[in-house]
Amino acid sequence: MAMMVTPLTPDFCAEITGIDITLPLDEAEFTAIRAAFDRWSVLIFPEQPLDDASQIAFSENFGPLEPTRSVNPAAGTPFARQSNLDIETGAVIPADDRRMAYQKANMLWHSDSTFKAVLSLCSVLSAREVPPVGGATQFASTRAAYEGLDEPVRARLKAAVVEHDFSHSRALVGFEFTAQEAAPFPAVRHRLVRVNANSGRKSVLIGAHAKLIVGWKAEESRDMLDDLLARAQQHAYSHEWRQGDVVIWDNQAALHRATPYDSVRHRRLMQRTTISSRNEADAP
Ligand code: OGA
Ligand code: MN
């Protein structure tokens with residue numbers, strides 16, 4: 001059976017079937033997936049139950065993996081864990097635990113790792129345990145946001161550089177890093193306008209970590225970042241997970257956010273690998 005690409009909105013997000021990503025891929029298979037990724041920004045693979053080894057093998061097709069260094073419970077492994085389950089015991093983490101407060105920032109529109117000096121190409125998220133209701137993940141197109149701008153605004157943004165700061169985004173949800181936790185994450189700067197090296201299509205790098213546009217007046221900077229976010233949200237898609245689903249998103253062309261679920265009564269375990277843009281022509 002040949003791989004099938006089913007668009008979920010006219011220009012953003014597609015479902016991929018007819019291919020088994022739990023097994024090693026040949027070159028032709030990965031080339032088809034990579035082309036779909038560049039075209040649709042978010043790919044949804046239903047019912048592809050990855051384990052740790054197969055998730056790493058699949059993810060490495062895209063490039064080198066980022067190590068996890070933050071206060072994420074999976075720090076020190078290639079995984080980032082979004083979960084209400086204790087990594088050691090599997091028991092539900094109490095709602096008032098600091099680990100749950102840390103995850104609240106995932107409910108802000110963001111793209112992964114924009115607070116790092118080397119950007120991420122994409123993330124791969126596999127649904128290991130899924131609550132019966134809630135806990136969908138939403139996606140918004142920052143390519144559509146850029147492409148909807150008129151020429152004078154594009155010209156204004158052409159050389160714009162944005163400061164991204166991990167402490168800034170966590171502070172937005174009332175989570176404070178200790179000085180020691182914040183030390184590995186000084187604010188970084190990235191060009192606002194990104195170009196997909198394969199398609200030539202442009203997008204904007206925004207989201208919760210984006211603190212300000214360097215050299216702009218504070219209010220103008222905030223207004224522009226908010227306007228771009230509002231534009232991205234006009235091209236959105238919400239994915240309701242089933243156990244075993246795998247989703248890949250382009251961290252430079254899409255934003256995503258988690259949505260609430262009953263974390264006291266239900267279990268949720270999502271495991272992410274994050275692919276670095278280090279090998280890409282359009283590295284930062
Ligand atoms: C992530 C993330 C959202 C979710 O894994 O990077 O933001 O719904 N996840 O768990
Ligand atoms: Mn994320």
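Which backbone nitrogen does the side chain of Asp-250 reach, and at what distance?

Modeller: A caution to begin with: this is a predicted model. The side chain of Asp-250 reaches the backbone nitrogen of Gln-252, and the distance is 2.8 Å.

Start with the setting of Asp-250. The residue lies in strand E13, which covers residues 246-250. Asp-250 is buried, yet it has no salt bridge. Arg-143 is the nearest side chain of opposite charge, and it is 6.6 Å away. Leaving aside residues up to four places away in sequence, Asp-250 touches Phe-37, Ser-41, Leu-121, Cys-122 and Asn-196.

Now follow Gln-252. Its backbone nitrogen is taken up by Asp-250. Its side chain makes a polar contact with the side chain of Arg-194, at 2.9 Å. Arg-194 sits in strand E9, residues 193-195. Arg-194 has a relative accessible area of 1%, so it counts as buried.

Arg-34 forms a salt bridge with Asp-38, with the closest N and O atoms 3.1 Å apart. Both residues lie in helix H1, residues 27-40, and they are four residues apart, about one turn of the helix. Arg-34 and Asp-38 are both buried.

Glu-181 pairs with Arg-98, and here the closest N and O atoms are 2.8 Å apart. This pair links distant parts of the chain. Glu-181 is in helix H7 (residues 179-182), Arg-98 is in helix H3 (residues 98-103), and 83 residues separate them. Glu-181 counts as buried because its relative accessibility is 18%. Arg-98 has a relative accessible area of 39%, so it is partly exposed.

Then there is Asp-262 with Arg-265. Their salt bridge has its closest N and O atoms 3.8 Å apart. Asp-262 is partly exposed, at a relative accessible area of 30%. Arg-265 counts as exposed, because its relative accessibility is 65%.

Next, the ligands. Strand E13 covers residues 246-250, and Trp-249 is among the residues around ligand 1. Others around that ligand include Gln-82, Asn-106, Leu-125, Ala-258 and Arg-272. An oxygen atom of ligand 1 is 2.6 Å from an N or O atom in the side chain of Thr-137. For the side chain of Arg-268, the corresponding distance to an oxygen atom of ligand 1 is 2.8 Å. His-110 has a polar side-chain atom 3.2 Å from an oxygen atom of ligand 1.

The manganese ion, ligand 2, has three kinds of contact atom to list: His-110 (NE2), Asp-112 (OD) and His-256 (NE2) are its protein donors. They lie 2.1 to 2.2 Å from the ion. Along the chain, the donors follow the spacing H-x1-D-x143-H. His-110, Asp-112 and His-256 are also listed around ligand 1. His-110 counts as buried because its relative accessibility is 4%. Asp-112, at 3% relative accessibility, counts as buried too.

Note on methods. Residues are numbered from 1 along each chain as its sequence is written. Chains are lettered from A and ligands numbered from 1 in the order in which they are written. This is a predicted model: local features need pLDDT of at least 70, side-chain atom pairs count only at pLDDT 80 or more; totals for chains, interfaces and linings use all residues. Side-chain values use heavy atoms; hydrogens and water are left out. Donors are N, O and S atoms within 2.8 Å of the metal (3.2 Å for Na, K and Ca); water is not among the atoms, so sites may look incomplete. Buried means under 20% relative accessible area, exposed over 50%, partly exposed in between (1.4 Å probe, protein chains only). Helices (H or I, at least four residues) and strands (E, at least two) are DSSP runs, numbered from the N terminus. Lys and Arg count as positive and Asp and Glu as negative; His and the chain ends are not counted. A salt bridge is a side-chain nitrogen of Lys or Arg within 4 Å of a carboxyl oxygen of Asp or Glu. A polar contact is a pair of N or O atoms within 3.5 Å; within protein, one must be able to donate a hydrogen and the other to accept it, and residues adjacent in sequence count only if both atoms are side-chain atoms. Contact means heavy atoms within 4.5 Å. A residue is near a molecule or strand if one of its heavy atoms lies within 4 Å of it.
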